[in-house]
Amino acid sequence: MVAWISAIAGLLAYNWWILVPFRPGLMVSPNELFSDLEVTGQPFATAMQHADLLSGLLLSSAFLAAGMTSIRDGRREWSSMMVFAVSGALGGVFPEICSDGVNAVCRSRELRFQLPAQQYMHIVAGILEFGGITLALFYAWRRTRNEETFNSRVYRDLGRAALAGYPILGLAYLLNKVGSVAEAFFFVGFTVLVLTQLHERTDALRARRIERR
């Protein structure tokens with residue numbers, strides 16, 4: 001119960017980006033990244049930063065409650081999910097200094113390493129966030145690749161989506177085009193993976209409790 005309460009609350013905070021289209025003018029271009037909205041001084045930036053921090057803390061709590069050993073051979077997935085959660089929290093603690101998605105001067109200075117360390121800490125946190133959850137998906141797919149269960153099918157489908165999506169995301173970042181659209185695609189996938197991992201882990205814990213009775 002604790003794991004699910006923390007996870008649902010954490011995912012609600014994580015997906016604050018869903019509210020952006022309901023506030024006209026907040027995102028000026030689809031080329032803008034969601035992290036650009038968190039630059040200090042932007043409307044609602046502080047709330048978004050706090051949402052990222054809260055999300056990371058709650059998701060960390062959810063996976064701590066679910067336990068590293070709740071599913072067999074699932075330790076590396078658990079560790080990777082913890083990296084994802086903690087990195088997301090750090091991204092909220094260290095927001096970008098300027099909007100590299102839409103500000104050419106900011107992007108140029110960023111590439112020349114002329115910005116304060118906080119900008120690069122945010123970037124590293126983002127890389128670890130994406131890397132951690134992608135590793136978790138890989139380990140989950142490999143563990144369940146010979147199974148025909150609901151969870152294994154979700155992992156396979158997410159794996160196919162990641163294979164198609166990462167080149168698109170890379171091009172979006174490289175060309176500075178439709179970055180928010182590509183990010184939204186991944187945020188939805190990450191949410192599904194968190195839910196699937198929690199579903200699998202809490203089911204395993206419940207089965208163990210039943211066996212002990």
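The model is predicted, so local features need pLDDT of at least 70 and side-chain atom pairs count only at pLDDT 80 or more, while totals for chains, interfaces and linings use all residues. Residues are numbered from 1 along each chain as its sequence is written, and side-chain values use heavy atoms, with hydrogens and water left out. The structure holds 16 aromatic pairs and one disulfide.

**Largest pocket**

- The largest pocket contains about 760 Å³ of space; a pocket is an open set of points on a 1 Å grid over the protein atoms alone, where a 1.4 Å probe fits, with protein on both sides within 12 Å along at least five of seven lines.
- Of the 30 residues that line the largest pocket, S35, H122, G126, Y173 and E183 are the closest to its centre; lining residues have an atom within 4 Å of a point.
- At least two lining residues come from each of α2 (45–66), α3 (75–93), α4 (104–111), α5 (117–144), α6 (150–175) and α7 (179–212), helices being DSSP runs of H or I with at least four residues, numbered from the N terminus.
- The largest share of this lining, eight residues, is supplied by α5.
- By class, the lining has 16 nonpolar, six polar and eight charged residues; Ala, Val, Leu, Ile, Met, Phe, Trp, Tyr, Cys and Pro count as nonpolar, Asp, Glu, Lys and Arg as charged, and the others, Gly among them, as polar.

**Aromatic pairs**

- Rings of Phe, Tyr and Trp (its six-membered ring) pair if their centres lie within 6.5 Å; planes under 30 degrees apart count as stacked, over 60 as edge-to-face and the rest as tilted.
- The ring centres of F130 and F186 lie 5.9 Å apart with the planes at 45°, so this pair is tilted.
- F130 in helix α5 and F186 in helix α7 are 56 residues apart, and their pair links distant parts of the chain.
- For F130 and F190, the centres are 5.0 Å apart and the planes stand at 75°, so the pair is edge-to-face.
- This pair also links distant parts of the chain, with F130 in helix α5 and F190 in helix α7, 60 residues apart.
- F130 is buried at 13% relative accessibility, and F190 is buried at 6% (buried means under 20% relative accessible area, with a 1.4 Å probe and protein chains only).
- One aromatic cluster includes F130, F186 and F190, together with Y14, W16, W17, F34, F84, Y166, F185 and F187.

**Disulfide**

- C98 and C106 are joined by a disulfide with an S to S distance of 2.0 Å, the cut-off being cysteine sulfur atoms within 2.5 Å.
- The link of C98 and C106 is right-handed, with 75° about the S-S bond.
- C98 is buried at a relative accessible area of 16%, and C106 is buried at 3%.

Definitions and conventions: Points joined across faces, edges and corners; volume = space filled by probe spheres on them. Buried < 20%, exposed > 50% of the residue type's maximum accessible area, 1.4 Å probe, protein only.
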